[in-house]
Amino acid sequence: MNILVTGGAGFIGSNFIHYLLGNGLHDYIINFDKLTYAGNLANLADVADDSSYTFIKGDIADKTAVEAVINDYHVDAIVNFAAESHVDRSILDPDAFVRSNYVGVSTLLDAVKTFKVDKFVQISTDEVYGSSRPGEQFSETADLNPSSPYSATKAGADLLVLAYFKTYGLNVNITRSANNYGKLQFPEKLIPLMVTNGILGKPLPVYGDGTNVRDWLNVADNCRAIDAVLRRGQAGEIYNIAAHNYAKNIQIVKKVINHLNISKSQIEYVADRPANDLLYSIDDAKIRHELGWQPRVDFDAGIDQTIDWYVNHEQWWRPLLGKVKNR
């Protein structure tokens with residue numbers, strides 16, 4: 001297939017491109033990315049000259065640019081990673097999230113309809129369900145209850161994708177994954193922030209009392225799941241992607257501290273952000289049973305490998321520090 005990967009210079013998008021190019025899948029990949037603060041072509045420097053890959057700078061909310069790339073490259077499928085994704089930034093500037101996460105998806109869907117693109121996969125998030133109660137797991141049919149401008153724009157986009165399936169019969173899927181971790185993640189997110197601040201001897205800021213719980217999914221496992229949905233997902237279906245590696249934020253911070261052998265005195269508890277969900281927990285039985293996917297990366301080994309990647313790639317993250325908010 002000729003696959004248009006939007007937002008391919010970001011964290012999950014660039015890992016997905018590496019996955020496609022590194023697994024002998026014989027696809028042609030067009031990376032379409034606006035290169036905002038979190039879009040980084042250094043993520044893909046090692047494949048820049050690959051004959052099965054090309055990069056086009058563009059904005060998914062730009063109708064002319066989107067239609068041109070789909071037409072010029074005879075795109076068969078679109079996997080949309082392009083999004084503003086940092087909750088803190090959505091609280092400060094919701095408009096940017098509406099434009100990218102909702103208007104951009106609308107633009108892509110219109111182009112899919114116009115050019116009869118065979119498949120569209122929307123990359124969403126478990127955050128659209130809102131906070132879980134202890135012992136509760138959200139299935140794909142659960143009500144959406146987003147808490148932040150970020151998750152609200154993602155939820156709105158999900159509904160729009162489903163509407164285009166129902167109204168126009170487009171072959172669409174939605175994936176909603178747990179918290180991803182791994183290499184190439186912008187150093188504003190929890191694990192790379194803790195590692196880089198730890199190395200630099202800076203405070204390790206922890207929201208509230210650090211007891212907010214997340215499920216941690218290795219990005220490599222998520223890429224395999226997204227590829228399974230791209231190739232075998234049933235039209236109009238949503239697929240949750242989980243790892244069931246639940247940990248409090250403070251537990252993750254202490255894993256970093258222990259691995260780096262630094263002092264716990266670097267921990268700095270800061271005021272919690274507004275409407276910070278306490279727990280995300282999703283039921284992913286559907287993708288496991290229907291598509292035969294399950295995570296492969298051991299949680300403790302995966303965290304250690306991730307920390308080591310940032311330790312060994314200071315030349316990658318140092319140039320990005322000036323773009324990080326609230327550091």
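**Pockets, sheets and domains**

Modeller: The second largest pocket has a volume of about 200 Å³, a volume being the space filled by probe spheres set on grid points that are joined across faces, edges and corners. Please keep in mind that this is a predicted model, in which local features need pLDDT of at least 70 and side-chain atom pairs count only at pLDDT 80 or more, while totals for chains, interfaces and linings use all residues. Residues are numbered from 1 along each chain as its sequence is written, and side-chain values use heavy atoms, with hydrogens and water left out.

Colleague: Which residues lie nearest the centre of that second largest pocket?

Modeller: They are Asn15, Lys183, Asn218, Val219 and Ala220, out of 13 residues in the lining. The elements that give two or more residues to this lining are α1 (11-22), α7 and α10 (299-312), and α10 gives the most, with four residues. Helices (H or I, at least four residues) and strands (E, at least two) are DSSP runs, numbered from the N terminus.

Colleague: And where does the second largest pocket lie?

Modeller: Domain 1 (2-180 + 218-241) and domain 2 (181-214 + 245-275 + 298-322) both give residues to its lining, so the second largest pocket lies between them. The domain bounds come from an automatic or database domain assignment.

Colleague: How many residues of each domain are in contact with the other?

Modeller: 21 residues of domain 1 are in contact with 17 residues of domain 2, where contact means heavy atoms within 4.5 Å. The centres of the two domains, taken over C-alpha atoms, are separated by 25 Å.

Colleague: New topic: how many cavities of 30 Å³ or more are there?

Modeller: The count comes to one, and the largest cavity has a volume of about 60 Å³. On a 1 Å grid over the protein atoms alone, a cavity is a set of points where a 1.4 Å probe fits but cannot get out, and a pocket is an open set with protein on both sides within 12 Å along at least five of seven lines; lining residues have an atom within 4 Å of a point.

Colleague: What lines the largest cavity?

Modeller: Among its lining residues are Val87, Glu127, Arg214, Arg273, Asp277 and Tyr280, and at least three lining residues are drawn from each of domain 1 and domain 2.

Colleague: Now the sheets: what is the strand order in the open sheet of seven strands?

Modeller: The order is β3-β2-β1-β4-β5-β6-β10, with parallel pairing. At the edges stand β3 (53-57) and β10 (237-241), each with a single partner strand, so one side of each is left without a neighbour in the sheet. From one strand to the next the twist averages 20°. Two strands pair if DSSP finds at least two bridges between them, and β4 (77-80) and β5 (119-125) pair over four bridges, with Ala77 standing opposite Lys119 in β5.

Colleague: Which strands does helix α5 lie across?

Modeller: Helix α5 (149-168) lies across β5, β6 (172-177) and β10, and runs at about 155° to β5. Axes are lines fitted to C-alpha atoms, for helices over the stretch in contact, and angles run from 0 to 180 degrees between N-to-C directions.

Colleague: What about the open sheet of three strands, in which order do they come?

Modeller: There the order is β7-β9-β11, and the pairing is mixed. The edge strands, β7 (179-181) and β11 (246-248), each pair on one side only. Three bridges join β7 to β9 (213-218), and these two strands run parallel; the bridge partner of Tyr181 is Asn218 in β9. Helix α7 (219-232) packs on this sheet, touching β7 and β9, and its direction makes about 70° with that of β9.
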